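The questions below go through the contact between two protein chains. Look at the model, then read each answer step by step.

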Amino acid sequence: MNTTAEKSNLITGNTGEWEVVIGLEVHAQVASNAKLFSGAPVGFGAGPNENVSFIDAGMPGMLPVINKFCVEQAVRTGLGLNAQIHTRSTFDRKNYFYPDLPQGYQISQFKNPIVGEGEIEVEREDGSSFKVGIERLHLEQDAGKSIHDMDPNATYVDLNRSGVALMEIVSRPDMRSALDAAAFVKKLRTIVRYLGTCDGDMEKGNMRADVNVSVRKPGGPLGTRCEIKNVNSMSYIVKAIEYEARRQIEILEDGGQIDQETRLFNVASGETRTMRSKEDAHDYRYFPDPDLLPLELEQAWIEEIRKTLPELPDAKKARLMADYGLSAYDAGVLVTKGARADYFEAAAKGRDAKLIANWTINDLLGRLAKEGHDIDDSPISAERLAGMVALIEDGTISSKIAKEVFEHLWASENTAAEIVEKHGLKQVTDTGAIEKAVDEVMAANPDKVEQAKAKPQLAGWFVGQVMKATGGKANPKAVNDIIQKKLGV
Amino acid sequence: MSVGKGQEEGAGHPSGIGIDIPPPSAFLTRSQKPKVSLTMSVDDATIRKVAKLAHIAIKDEDVHPMTEKLNGILGWIEQLNEVDVDGIEPMTTCIPMTQPLREDVVTDGGKPEAVTANAPKSDHNFFVVPKVVE
């Protein structure tokens with residue numbers, strides 16, 4: 001795709017505007033029990049080298065046998081990315097030396113990946129969307145972990161991650177801004193979470209991205225790209241791209257050239273720096289792994305997997321908009337996580353869906369986010385939230401009082417009805433009682449009454465006083481009507 | 001690695017690589033001798049690069065003999081170009097089988113002492129290697 005960035009995404013340098021071109025390689029760890037080619041467990045937090053078999057340690061003579069579940073998850077993810085599934089794929093050795101790669105090569109799929117081309121739709125914060133092409137998805141082994149700070153003169157190596165199954169998802173260079181790149185990763189994460197193929201936990205390194213960045217004059221030929229390795233959060237992706245694009249523009253504007261190289265993002269400084277010398281950097285001397293036969297899949301099995309796919313975010317969003325009359329924005333927020341949409345749908349049963357959506361998104365998710373949580377940790381069940389909205393609907397409480405009820409729901413196990421009863425929060429709709437309160441306020445403030453008669457917009461002051469006098473329980477509309485009548489405005 | 005005969009010939013190689021290949025013609029009957037020109041070849045610089053990538057130490061005086069030997073092998077392999085393979089799918093394995101699949105069950109692990117037993121150096125079940133400077 002050779003799309004040009006929207007004007008607002010261009011970066012202004014000294015010689016005019018520049019366009020940044022971004023492609024991503026996202027590594028998503030398969031949510032499996034055992035590793036890709038061995039029976040050792042996959043897990044976070046085990047002791048050093050606890051989750052290691054002789055295969056993962058690269059011992060001579062050990063032979064890999066592929067994990068069927070990992071293959072299935074790759075197919076499932078491919079289907080979720082609207083991509084072509086290849087019934088025949090092969091494994092290759094990617095050769096390089098590093099202490100946490102005991103075999104001296106990584107088993108990967110270079111020539112014939114299990115999944116080919118696909119495409120996904122990505123939404124921006126402002127509700128607009130764009131398409132990103134998927135070039136391929138292949139299965140490969142993760143490497144171990146090198147720890148550099150345990151000894152000043154040595155590196156400690158833990159192979160627990162060695163051999164864990166990764167799906168490398170390679171995008172087309174279809175993104176034109178750092179925010180679009182982050183939005184793509186976010187969407188990808190949502191999709192794998194819906195599919196259940198990867199937990200998407202970037203903090204634990206279960207999902208991480210290599211970011212390819214180049215710059216060019218808008219519409220011009222593609223520039224030389226640099227690859228920023230292993231960026232493991234959305235905000236780092238944004239920062240790394242912004243820094244790298246600026247760096248490249250500065251070099252080019254000073255008459256220099258971009259060297260194609262691998263770079264590292266430094267979290268502390270927000271800068272990128274050269275990781276490997278470009279000499280030999282990509283000379284991996286791939287060749288077919290003689291230990292592994294071609295992987296052949298039956299079309300019928302692929303179709304079986306297709307039948308078990310859940311409703312995916314795009315389809316769910318469209319359905320929430322059609323069935324509940326939600327805005328694209330609200331539906332978008334709710335489908336970010338399957339559990340959010342499930343919560344909403346459970347609460348919205350028989351209730352005013354728009355009200356449920358507002359309370360779920362603005363109050364509940366807002367409050368949860370403030371405390372670093374999401375819907376799974378909600379102290380308020382869908383049923384209890386629905387109970388409160390039911391009381392708003394039938395006029396028992398006002399929206400204003402509902403805010404107070406919400407606080408009680410958050411802090412207790414009680415139902416909304418119990419809370420309203422216990423704290424006497426029932427809305428006063430009895431006009432007699434409201435009239436009495438209005439009369440009292442007016443009697444206490446004769447000067448204000450005169451002023452309001454001349455300037456009707458001052459009537460609002462009386463509404464506020466009456467609401468205060470009734471502890472916010474008076475029906476605001478009834479209060480307003482009675483005050484207007486009494487003032488004769 | 002050695003191919004067929006000729007082992008004695010290369011036994012004294014100080015580099016210890018020991019790739020000892022008889023001249024291409026040794027494997028062929030007269031009628032099979034190469035008919036095509038030898039186009040595939042490597043030079044000394046390539047030998048140095050491949051040795052570096054493979055982390056193999058090679059002495060300066062061994063580079064050129066190695067180049068000649070490898071060119072001998074390449075020349076021999078070059079004969080394959082005589083075969084017409086148009087429309088034939090490349091063969092990556094000669095076994096008419098597909099890959100067997102394993103169930104996703106944990107059957108291994110939990111033996112860090114055994115895993116690190118042969119390591120030149122280990123500490124608290126970690127492998128310990130010379131400092132890696134990134």
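Q: In strand 3 of chain B, which residue is the bridge partner of V157(A)?
A: This is a predicted model. Strand 10 of chain A, residues 154-158, pairs with strand 3 of chain B in the antiparallel sense over four bridges. V157(A) has its bridge partner in strand 3 of chain B, and that partner is F127(B).

Q: What is the order of the strands in the open sheet of four strands?
A: The pairing in this sheet is antiparallel. Strand 9 (145-151) of chain A and strand 2 (122-123) of chain B each have a single partner strand, so they stand at the edges and one side of each lacks a neighbour in the sheet. The order is 9(A)-10(A)-3(B)-2(B).

Q: How many residue pairs are in polar contact between chain B and chain A?
A: On the contact side, 39 residues of chain B touch 54 residues of chain A. The area buried between the two chains is about 4100 Å², with 58% of it from carbon and sulfur atoms. Counting pairs with both residues at pLDDT 80 or more, the number in polar contact is 22.

Q: Which element gives the most residues to the side of chain B that touches chain A?
A: The elements of chain B that give two or more residues to this side are helix 2 (44-53), strand 1 (101-102), helix 4 (112-116) and strand 3 (126-130). By class, this side has 17 nonpolar, eleven polar and eleven charged residues. The element that gives the most, with five residues, is strand 3 of chain B.

Q: Is N67(A) buried or exposed?
A: N67(A) lies in strand 3 of chain A, residues 66-67. Beyond its neighbours within four places in sequence, N67(A) is in contact with residues of both chains, including L36(A) and R102(B). Its relative accessibility is 0%, and the cut-off is under 20%, so N67(A) counts as buried.

Q: With which side chain of chain B does the side chain of N67(A) make a polar contact?
A: Within chain A, a polar atom of the N67(A) side chain lies 3.3 Å from the backbone oxygen of K35(A). Towards chain B, the side chain of N67(A) makes a polar contact at 2.8 Å, and the partner is the side chain of D104(B).

How values were computed:
Residues are numbered from 1 along each chain as its sequence is written. Chains are lettered from A and ligands numbered from 1 in the order in which they are written. This is a predicted model: local features need pLDDT of at least 70, side-chain atom pairs count only at pLDDT 80 or more; totals for chains, interfaces and linings use all residues. Side-chain values use heavy atoms; hydrogens and water are left out. Contact means heavy atoms within 4.5 Å. Buried area is the accessible area (1.4 Å probe) that two parts lose on being put together, summed over both. A polar contact is a pair of N or O atoms within 3.5 Å; within protein, one must be able to donate a hydrogen and the other to accept it, and residues adjacent in sequence count only if both atoms are side-chain atoms. Ala, Val, Leu, Ile, Met, Phe, Trp, Tyr, Cys and Pro count as nonpolar, Asp, Glu, Lys and Arg as charged, and the others, Gly among them, as polar. Two strands pair if DSSP finds at least two bridges between them. Buried means under 20% relative accessible area, exposed over 50%, partly exposed in between (1.4 Å probe, protein chains only).
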